[in-house]
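Me: I am new to this structure and would like to understand the words used for it. Could we go through them one at a time?

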Amino acid sequence: MSAEEPDTASRADGGSLTLRDAQARVDAWISRFEVGYWPPLSNLARLIEEVGELAREMNHRFGHKPKKADEPEQDLAIELADILFVLLVIANEQGIDLDDALGRVLEKYRTRDAERWTPVREG
Ligand SMILES: [Mg+2]
């Protein structure tokens, strides 16, 4: 693997991957193809498709919709990662640094919701 061709395969080595790394890997993947990034509303539609796939699987597992006999069980982790992939695509296409954005959101919750729920008792 060269610097011009980043590893876009799954990380079976258990190594950590920051959101910034993930955005770079997604960008490397998409940059390999002439079509490049889809426009925003196409990416939004893709995101909703993937959320629908997660909803379908969750409804099969925990809701009221049993699977058909010939319907295979899907991997929840993969369904979540599909959603994350599209979020990374949207962030890249919009020039958003998700590491920074997530940090700001976590800080927002930390301060806004600090006393919203009963804390776990120590010991
Ligand atoms: Mg999916």
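This is a predicted model: local features need pLDDT of at least 70, side-chain atom pairs count only at pLDDT 80 or more; totals for chains, interfaces and linings use all residues.

Me: What makes the pattern of the protein chain α-α-α-α?

Reply: Helices are DSSP runs of H or I with at least four residues, strands are runs of E with at least two, and both are numbered from the N terminus. The protein chain has four helices and zero strands, and reading along the sequence gives α-α-α-α.

Me: Why is H1 called roughly perpendicular to H3?

Reply: Let us begin with the general idea: two packed helices are described by the angle between their axes and the distance between the axes. Axes are lines fitted to C-alpha atoms, for helices over the stretch in contact, and angles run from 0 to 180 degrees between N-to-C directions. Under 35 degrees counts as roughly parallel, over 145 as roughly antiparallel, 65 to 115 as roughly perpendicular, and the rest as oblique. Helix H1 (residues 19-30) and helix H3 (residues 76-94) have axes that cross at roughly 80 degrees and come within 9 Å. That angle makes H1 roughly perpendicular to H3.

Me: Which residues make this contact?

Reply: On H1 they are Ala22, Gln23, Val26, Asp27 and Ile30, and on H3 they are Phe85, Leu88, Val89, Ala91 and Asn92. Being in contact means that two C-beta atoms, placed from the backbone, lie within 7 Å. By class there are seven nonpolar, two polar and one charged. Here Ala, Val, Leu, Ile, Met, Phe, Trp, Tyr, Cys and Pro count as nonpolar, Asp, Glu, Lys and Arg as charged, and the others, Gly among them, as polar.

Me: In which hand does H2 pass H3?

Reply: The crossing is left-handed. That word is used if the near helix is turned anticlockwise from the far one by less than a right angle, and right-handed is used if clockwise.

Me: Where do H1 and H4 meet?

Reply: Leu19, Arg20 and Gln23 in H1 meet Leu98, Asp99 and Leu102 in H4. The axes of H1 and helix H4 (residues 98-112) come within 7 Å and cross at roughly 145 degrees. This contact has three nonpolar, one polar and two charged residues.

Me: How do you know whether Asn92 is buried or exposed?

Reply: A residue is buried if 20 or more other C-beta atoms lie within 10 Å of its own, exposed if 12 or fewer, and partly exposed in between, with C-beta atoms placed from the backbone. Asn92 has 20 other C-beta atoms within 10 Å, so Asn92 is buried. Asn92 is found in helix H3, and beyond its neighbours within four places in sequence it is in contact with Gln23, Val26, Asp27 and Tyr37.

Me: And why are Ala24 and Val51 called partly exposed?

Reply: Ala24, in helix H1, has 15 C-beta neighbours inside 10 Å, so Ala24 counts as partly exposed. Val51, in helix H2, has 14 other C-beta atoms within 10 Å and is therefore partly exposed.

Me: What makes a nonpolar core, and which residues form the largest one?

Reply: A nonpolar core is a set of buried Ala, Val, Leu, Ile, Met, Phe, Trp, Tyr and Cys residues joined through C-beta atoms within 7 Å. The largest has six residues: Ala22, Val26, Val86, Leu88, Val89 and Ala91. H3 gives the most to this core, with four residues. Across the 123 residues of the protein chain, buried residues make up 6%.

Key:
Residues are numbered from 1 along each chain as its sequence is written.
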